[in-house]
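Here is a structure to question term by term. Each label is set against its cut-off.

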Amino acid sequence: MDRFIIRGGRRLEGEITIGGAKNAGLKLMVAGLLTGERLILSNVPQIADIATMRDLLRQHGVAVENVDAEGRTLSIGGPIESVEAPYDIVSKMRASILVLGPLLARMHEARVSLPGGCAIGTRPVDMHLKGLETLGAQIRLENGYINASAPGGLVGDRVVLPFASVGATENLLMAATLAKGRTEIVNAAREPEIGDLVECLNRMGARISGSGTGTLVIDGVEALHGAEHAIMADRIECGTYACAAGITGGDLRLIGGRIGDLGAVIRTLEEAGVEVIAEENAIRVRRDGPLQGVDIMTEPYPGFPTDMQAQFMAMLSVAEGASMITETIFENRYMHVPELNRMGARINVHGSSAIIRGVPSLSGAPVMATDLRASFSLILAGLAAQGETVLSRIYHLDRGYEAVDRKLAAVGASIERVRE
Ligand code: EPZ
């Protein structure tokens, strides 16, 4: 397994280009199941989860071809030959569950492995299943698989989500595009990635309104057609590198970053003493003075995103004063805490809250990645720590961040990938 070797204490300065959003791109690829025509996606990030999604779509019989040499533009489409999403792929990537709605909508049946839990939580899919049943699907769980059918197709209806689940919203949204009649999704998630999916689906001929509000209205159509769509910039990658500028007292221009997607993150950065300047097609992030402790509670968009929690925890571990972070979305998203404490951080977890008492500096140590965002929080700590940090199990990082060592080294970090 590969490792990163990071030598800390260097200010980061320069420009980092933000890539296409993982949490938009994966769903946009699944949208390709909704039509037999070609969906062309550009600005595709080169990360492991995208490759896994490509494998999943291909095993459904759908063509997924590189339009350019690197595969930054993909062409997706064609007849579906299999409606089964097997355990070995679904267990690798939970987002695979999102093929359920589109398969039901287009093929009127699906057999999708129940995704297991993952490091950060049990992550049930009850809201996905109940919502699809409301749209007329018959669902039977057997041998770890979801056996779903909708003879005659799905029928639009009003679905009220008990929680603004991103995945449940996306599954139901895609299913409803081909259902008969009107579907209303109430208490829908409002993350920008869903807005990107709505924009693409409407380009494919869907009739969706209410994007960005808590209620999505979808009037089903007979069929969707091909389209071209550029994946939005990854707001979490952008926020992550903003924390890199914050923790090293650096000055970074994040090219392609969109302030509008990061509302609560920007406000929290500024509260912590980090300056954020909106530019034409970039966000500039810099820090001169000391970092200040802040209190954070993760919430569905437009609240503070849970996917930025670990990164802020690393940055706040060297702030003046104390901070409190409360994680309200996932039940086990503090696995970076013991690793950060091994680097000299002073963090105590009490239930869903963590108290961070700022320390003057961290010290490098051998640490282990446990999940995607936790991996990067340890990189951030390593960038600020005195001495050398060796981060192992960086396959977690490769799932969702592209070329981290190249991007950080280009702005002055001492970081080296050691292949084993
Ligand atoms: C998406 O996961 C993201 N993943 C996550 O990003 C992100 O943290 C999360 O949304 C919240 O913003 C992708 O987009 C691929 P949810 P998702 O459904 O859709 C519970 C990353 O680091 N829940 O909003 O699974 C669930 O257990 C990843 O990029 C149910 O109980 O998130 C969780 O506690 C991590 N029943 C909460 O809701 C359901 O049927 C939020 O889940 C569905 C969800």
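What follows is a set of questions and answers on this predicted model.

The model is predicted, so local features need pLDDT of at least 70 and side-chain atom pairs count only at pLDDT 80 or more, while totals for chains, interfaces and linings use all residues. Residues are numbered from 1 along each chain as its sequence is written, and side-chain values use heavy atoms, with hydrogens and water left out.

Q: Why is V112 called buried?
A: Buried means under 20% relative accessible area, exposed over 50%, and partly exposed in between (1.4 Å probe, protein chains only). V112 has a relative accessible area of 0%, so it is buried. V112 is found in strand β7; strands (E, at least two residues) and helices (H or I, at least four) are DSSP runs, numbered from the N terminus.

Q: Which residues does V112 touch, not counting those up to four places away in sequence?
A: Contact means heavy atoms within 4.5 Å. V112 touches A85, V90, I97, V99, L100, L103, Y145 and I146. V186 is another matter: V112 and V186 are 74 residues apart in sequence and 25 Å apart in space, C-alpha to C-alpha.

Q: What makes D88 count as exposed?
A: D88 has 52% relative accessibility, so it counts as exposed. D88 lies in helix α3 (residues 87–90). From D88 to L56 is 32 residues in sequence and 9.9 Å in space, C-alpha to C-alpha.

Q: Why is H108 called partly exposed?
A: The relative accessible area of H108 is 32%, so H108 is partly exposed. Its phi is near 65°, a positive value in a residue other than glycine. H108 sits in the loop between α4 (100–107) and β7 (109–113).

Q: Why does N187 count as partly exposed?
A: N187 is at 32% relative accessibility, so it counts as partly exposed. N187 is not a glycine, yet has a positive phi of about 65°. N187 is in the loop between β11 (182–186) and α7 (192–203).

Q: What is the peptide bond from Y301 to P302, cis or trans?
A: It is cis, with omega near 10°. P302 lies in the loop between β18 (295–297) and α10 (309–316).

Q: What makes a set of residues a nonpolar core, and which residues have the most contacts inside the largest one?
A: A nonpolar core is a set of buried Ala, Val, Leu, Ile, Met, Phe, Trp, Tyr and Cys residues joined through side-chain atoms within 4.5 Å. The largest has 77 residues, and L100, L173 and L201 have the most contacts inside it. Apart from it lies another core, of 69 residues, among them C238, A264, V276 and L340.

Q: Which residues is L173 in contact with, leaving aside neighbours within four places in sequence?
A: They are I185, I194, L197, V198, L201, I208, L216 and I218.

Q: How is the protein divided into domains?
A: Domain 1 is 2–18 + 233–419 and domain 2 is 22–230. The bounds come from an automatic or database domain assignment. The domain centres, taken over C-alpha atoms, are 30 Å apart. Across the divide, 22 residues of domain 1 are in contact with 21 residues of domain 2.

Q: What makes a space a cavity rather than a pocket?
A: On a 1 Å grid over the protein atoms alone, a cavity is a set of points where a 1.4 Å probe fits but cannot get out; a pocket is an open set with protein on both sides within 12 Å along at least five of seven lines. Lining residues have an atom within 4 Å of a point. Grid points are joined across faces, edges and corners, and a volume is the space filled by probe spheres set on the points. The structure holds two cavities of 30 Å³ or more.

Q: Which residues line the largest cavity?
A: They are G20, K22, P45, I47, D234, E237, G400, Y401 and E402. About 50 Å³ of space lies in this cavity. Each of domain 1 and domain 2 gives at least three residues to its lining.

Q: How does the lining of the largest cavity divide by residue type?
A: Ala, Val, Leu, Ile, Met, Phe, Trp, Tyr, Cys and Pro count as nonpolar, Asp, Glu, Lys and Arg as charged, and the others, Gly among them, as polar. By that rule the lining has three nonpolar, two polar and four charged residues.

Q: Which helix gives the most to the lining of the second largest cavity?
A: Helix α9 (residues 263–271) does, with three residues. The lining includes Y301 and P302.
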